[in-house]
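Subject: Structure handover and notes

Dear colleague,

Please find the structure below, together with the sequence. My notes on what was found follow directly after it.

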Amino acid sequence: MSEPKSLLIEIGCEELPIRTIDELARAFAEGVMNGLAQRGIPFQSGTRAFCTPRRLAVHVPAVGDSQPEQHSEALGPYVNAALDA
């Protein structure tokens, strides 16, 4: 795996209520960190959230460039449902 990279995610939106933007920015940052953790993607703590009435942004100082390899098995439909006479 190569060296971790910095990650910046920014969302442009309609005018957000001033009273809620700090809470929305925190929730956005938590969502990004939870998503990375659920997928097993390594990231460095020190994530920062930024906000304005028309923008929400999250900066993660170091993120791995890939998630660990995963194996999954998906079963198809029952034979009697997949094939007709």
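Helices (H or I, at least four residues) and strands (E, at least two) are taken as DSSP runs and numbered from the N terminus. The model is a predicted one, in which local features need pLDDT of at least 70 and side-chain atom pairs count only at pLDDT 80 or more, while totals for chains, interfaces and linings use all residues. Residues are numbered from 1 along each chain as its sequence is written, and side-chain values use heavy atoms, with hydrogens and water left out.

Three strands form an open sheet in the order 1-3-2, with antiparallel pairing, where two strands are said to pair if DSSP finds at least two bridges between them. Strand 1 and strand 2 are the edge strands, each of them pairing on one side only. Neighbouring strands of this sheet are turned against each other by 15° on average, with direction ignored; axes here are lines fitted to C-alpha atoms, for helices over the stretch in contact, and angles run from 0 to 180 degrees between N-to-C directions.

Helix 1 packs on the sheet and touches strand 1, strand 2 and strand 3, and its direction makes about 35° with that of strand 3; contact is taken as heavy atoms within 4.5 Å.

As for the individual pairings, strand 1 and strand 3 are joined in the antiparallel sense over seven bridges, and Lys5 stands opposite Val63 in strand 3. Strand 2 and strand 3 pair, again in the antiparallel sense, over five bridges, and a hairpin of two residues joins strand 2 to strand 3. Opposite Arg48 stands His59 in strand 3, opposite Ala49 stands Val58 in strand 3, and Cys51 has Leu56 of strand 3 as its bridge partner.

Turning to the helix, helix 1 (residues 21-38) has 18 residues and reaches 25 Å from its first C-alpha to its last, close to the 26 Å expected at 1.5 Å a residue, the expected span being 1.5 Å times one less than the number of residues. Buried means under 20% relative accessible area, exposed over 50%, and partly exposed in between (1.4 Å probe, protein chains only). In helix 1, the residues Ile21, Ala25, Phe28, Ala29, Val32, Gly35 and Leu36 are buried. They lie on the same side of helix 1 because they cover an arc of only 130° around the axis, the arc being that of the directions from the helix axis to the C-beta atoms. What covers these buried residues includes strand 1 (5-12), strand 2 (48-52) and strand 3 (55-63). The face turned away from the buried side of helix 1 carries the exposed residues Glu23, Arg26, Ala37 and Gln38.

Asp22 is also found in helix 1, and with a relative accessibility of 47% Asp22 counts as partly exposed. The C-alpha atoms of Asp22 and Ala49 are separated by 8.6 Å, although these residues are 27 residues apart along the chain. After helix 1 comes Gly40, whose phi is positive, near 75°.

The largest nonpolar core has 12 residues, namely Leu16, Ile21, Ala25, Phe28, Ala29, Val32, Leu36, Ile41, Leu56, Val58, Val60 and Val63; such a core is a set of buried Ala, Val, Leu, Ile, Met, Phe, Trp, Tyr and Cys residues joined through side-chain atoms within 4.5 Å. Helix 1 and strand 3 each supply at least two residues of this core, and helix 1 gives the most, with six residues.

Three further residues have contacts that may be of use to you, with neighbours up to four places away in sequence not counted. Val60 touches Ser6, Leu7, Val32, Phe43, Gln44 and Thr47. Thr47, in the loop between helix 1 and strand 2, counts as buried at 19% relative accessibility, and is in contact with Ala29, Met33, Val58, His59, Val60 and Pro61. Ala62, whose place is in strand 3, is buried with a relative accessible area of 12%; its contacts are Pro4, Lys5, Pro42, Phe43 and Gln44. The C-alpha atoms of Ala62 and Phe43, 19 residues apart along the chain, are separated by 5.5 Å.

With best regards
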